[in-house]
Amino acid sequence: MKSEIEQIQDLIEQSKNILITSHENPDGDALGSTLSLGLGLKKIGKEITFYNKDGVPEMLEFLPHSENIVKSLNSTSGPFDIAFAVDCTATSRAGKDFEEYAKSENCKNVVIIDHHQTMGSDADIYLLDEGASSTGILIYRILKALEVSLDKEIAENIYATIVSDTGSFSYSNTNSDTLRIAAELVDIGVEPSKISQAIYENEPLRKLELFKLAIPTLDITDDETIASIYVDKEMFDKTGTSRQDTEGMVNIPRSIKGVDVAMLFRQEGLQSDPEWKVSLRSKGRVNVAKIAEGFGGGGHARAAGCSLKGSIKEVKAKVISRVEEALG
Ligand SMILES: [Mn+2]
């Protein structure tokens, strides 16, 4: 039985026209993986179309070739021999349009590449490795298997996936394999300070204005183990921000001494029928993927998300009581 990487390698070798996408509201791993895979496959003569439903957020425009990502499948030229969905547990994570497109004649083979726990069942090949720090690490392995020589632009994209998903080599998913690959990428020409500056010292002022409004909502349980913060529609409107500006905000409650689980609640949908996107972060005592799954979401043991309807008071109380049960 061939390994998933060998199966993907065979498929790529027989293919010409390839579509690559990632999850909606993309982060550094999503786009860095999309771009590094595509740039690598271009080097061995493949025709690549980069797609993301939400396009490229301002803060990720520094990723080499990000300007080549299209936001509409109508402007793509199928049929595709392979459609890759990277950093996605299922095709639905890339949006409804792609989910439908992947089922159509336009996509002969669908391949999912991810490092998350939960999965769907709508792809031809799944490459899933929870031990990988980022999806970019899996892209690195595929390109190595294909003997693609990594250039600086590919290396910068892969490096960005690692920095983004390990919190600059600080989360528990940082391992020696990750550090060895990062070192190799630096040898190829990546400048770590340049990537860090692009990611962490390049915030639009409006984002900090949003953080100013959110900080007064910081709330902590009496035993100081569960902390949360929220952003509602009014705060977004006042500061001219959107959900991508909440990136990193969960690190505020998470940074507090003694906190086991940190949460960010972000309002979406109509004011009359509010829906809250919840980001959960655990320092290790609680598997937050289990909690998120209980509300129809998913993710990793230490970083997960879900979505609930109701007032902020109701929604917060529901999630906190589940976390309290889990903390015991
Ligand atoms: Mn990821």
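How many helices and strands does the secondary structure of the protein hold? The count comes to twelve helices and twelve strands, where helices (H or I, at least four residues) and strands (E, at least two) are DSSP runs numbered from the N terminus. The model is a predicted one, in which local features need pLDDT of at least 70 and side-chain atom pairs count only at pLDDT 80 or more, while totals for chains, interfaces and linings use all residues. Residues are numbered from 1 along each chain as its sequence is written.

Consider the overall form next. The C-alpha trace spans about 60 × 40 × 40 Å along its principal axes. A compact globule of 328 residues would have a radius of gyration near 20 Å, and the protein agrees, with 20 Å; this radius is taken over C-alpha atoms, and the globule rule is 2.2 Å times the number of residues to the power 0.38. Of the 328 residues, 44% are buried. A residue is buried if 20 or more other C-beta atoms, placed from the backbone, lie within 10 Å of its own.

The domain assignment, which is automatic or from a database, gives domain 1 (4-200) and domain 2 (205-327). Their C-alpha centres lie 27 Å apart. Seven residues from domain 1 and nine residues from domain 2 take part in the contact, with two residues in contact if their C-beta atoms, placed from the backbone, lie within 7 Å.

Now to the interior. A nonpolar core is a set of buried Ala, Val, Leu, Ile, Met, Phe, Trp, Tyr and Cys residues joined through C-beta atoms within 7 Å. The largest one has 59 residues, of which Ala83, Phe84 and Tyr159 touch the most other members. Helix 5 (residues 152-166) supplies the largest share of this core, seven residues. Beyond its neighbours within four places in sequence, Phe84 is in contact with Ile18, Ile20, Leu37, Val111 and Ile113. Another core, of 32 residues, lies apart from the largest one and includes Leu210, Val288, Ala304 and Val315.

Strand 10 (residues 275-282) pairs with strand 12 (residues 303-309) in the antiparallel sense over seven bridges, and Arg281 stands opposite Ala303 in strand 12.

Note on methods
A residue is buried if 20 or more other C-beta atoms lie within 10 Å of its own, exposed if 12 or fewer, and partly exposed in between; C-beta atoms are placed from the backbone. Two strands pair if DSSP finds at least two bridges between them.
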